Amino acid sequence: MNHSYELPVDEVSYNFAFLDEFAKREIRRSILKAISIPGYQTPYASREMPMGRGFGTGGLQLTLSLLGAGDTLKVIDQGADDSVNAVNLRQFVELTCPGTSTTERAAEANIIQSRHRIPEDRLTANQILVLQVPTPDPLAIVEPSEARRKIMHGESDYASLLTKLYEDIVQFDEIAISNRYPTRLNGHYVIDSSPIPRFDVPKMHQSAALILLGAGRERKVYAVPPFTDAVPLAFEDVAFRTEAFLDHQGTRRHCDRCDSSTSYLDEIMHPDGSHHWQCSDTGYCNDRCARRDSAGSGAVRS
Amino acid sequence: MPDSSTLERSRPMHSGSDLLRFWQPVMQQALFRSLLTAFSYPGQSVWLADADSAVAILATLVDAETTLSDPYQLLSDLTRTRLNAPLTDPERAGYVIARGDLDPGFSPRLGTLESPEAGATVVVIVDSLVDGEGEGQCWRLSGPGIEQSRKISVGGLDASWLSARNEWCSGFPLGVDLILTDQHRCLALPRTTVIDDTGAN
């Protein structure tokens, strides 16, 4: 999006939050049904947005139907606020939602739209997390027919999905799913947890905040209500594992900037072949750096 | 409420233009966010409006794309015109508005195994909603959206509603989502909420 672009207000006046009121009402109805049936992929009439499918139109439509004056939004793309997808969506909201504000700090936001990460800081009951989803159906890899998948979901029949996980163990000694890990909600529906890493999946379990997941191209919205059991699929003898970030000696790697040893780390490669590790959640990392710098102001960093 | 045949006629001081604010986008956004909180945290009552909260709920959710049933003729003609939703039987409607002081007397849509979202949303008008123990039926709630359990008391609700609701919601994912509302506040009881009756006060 061209940063200096302004909507042609004189000729066409756009509605608040771009979508018309009927579109928003339809999305709102679907959201309430999605919360009532945790994990069920509720169909909704995904509208054409002024950006391509796959750029977060599903999450954006949910966010736009939630937003009102006084709300503060944070947009995350792969943990960062300053990558193309996050900047575009944030500017679009700033352009079309007068009266709302945006932030890069998770604690200041009451609505957080994200792709590929859940923030490191624990979300509160006053916050809503909106996740962008490319492929909402975890059964799509084992059953091509949506009509049949809908029956399988209704009957909570995930035997074929468990077989796929078992085949992974036979072949690789480990369930080889790095992200979009299938997760069972409230003992019934299994969801695609969106392309968040395994590391973030446990944050969905008994989360204080409502989590909404929107798929624009597939026209589906589903929800993880607050305080709901979200259990990753696994076996009694092969437990679910998250990324451990251990080095060759078996010690937990640290972030090179903020020294956090509990966050999800990105490995950053340099042209000379060396590499370092850094928090993927830039808001969290910046906060920690700022706090350390203000606490030890004057002290020389080693 | 028993003496009133319609919600709005019972309070003539509220003019038509007062009710019209429920159809304004800014108001609807705020009302939706309150409903979102209510559905996210079942049993937690949220403030909706100074009066006519049932009309506020329907104005937020219902339009020409949905079906509405008003078996007790609780809505004024003007409100029905503004909602613009096709009226039908409570057995076939997506949204039903009902009196809580009477036996439900109908079987709402429960949805299908493939499309459980087709289960109805029933707005039930009661006399009072209290967090914790209070007048009327006292319930202990648990399930998604509730950290451990939550106690609520509902005044002016016929005792048969609880058994009817539990029957409708006995086969998850099929079921009915209830919104209980007095004149000002509402609370939601989605189909996943487990209701234990702890007795009447």
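Visitor: What makes strand 4 and strand 8 of chain B a pair, and in which sense do they pair?

Guide: In this predicted model, strand 4 (residues 121-125) and strand 8 (residues 177-181) of chain B share five bridges in the parallel sense, and because two strands pair if DSSP finds at least two bridges between them, five bridges meet the rule. Strands here are DSSP runs of E with at least two residues, while helices are runs of H or I with at least four, both numbered from the N terminus. At one position of this pairing, Val124(B) stands opposite Leu180(B) in strand 8 of chain B.

Visitor: Why are strand 1 and strand 2 of chain B said to stand at the edges?

Guide: The sheet of chain B is open, with six strands in the order 1-9-8-4-3-2 and mixed pairing. Strand 1 (46-47) and strand 2 (68-69) each have a single partner strand, so one side of each is left without a neighbour in the sheet.

Visitor: On what conventions do the numbering and the values rest?

Guide: Residues are numbered from 1 along each chain as its sequence is written, and chains are lettered from A and ligands numbered from 1 in the order in which they are written. As this is a predicted model, local features need pLDDT of at least 70 and side-chain atom pairs count only at pLDDT 80 or more, whereas totals for chains, interfaces and linings use all residues; side-chain values use heavy atoms, with hydrogens and water left out.

Visitor: Which helices supply residues of the side of chain B that touches chain A?

Guide: Helix 2 (25-40) and helix 3 (53-61) of chain B each supply at least two residues of that side, and helix 2 of chain B gives the largest share, nine residues.

Visitor: How many residues of chain B and chain A are in contact?

Guide: With contact meaning heavy atoms within 4.5 Å, 37 residues of chain B meet 38 residues of chain A. Buried area, the accessible area (1.4 Å probe) that two parts lose on being put together, summed over both, comes to about 3100 Å² here, with 61% from carbon and sulfur atoms. In chain B, Phe32(B), Tyr41(B) and Glu117(B) lose the most area to chain A, together 18% of what that side buries.

Visitor: What links domain 1 and domain 2 of chain A?

Guide: An automatic or database domain assignment sets the bounds, giving domain 1 (21-139 + 175-232) and domain 2 (244-302) of chain A. The contact takes 13 residues from domain 1 and eleven from domain 2, and the two domains bury about 920 Å² between them, 47% of it on carbon and sulfur atoms. One salt bridge is counted between these domains, and the side chains of Arg105(A) and Asp287(A) meet in a salt bridge at 3.0 Å, N to O.

Key
A salt bridge is a side-chain nitrogen of Lys or Arg within 4 Å of a carboxyl oxygen of Asp or Glu.
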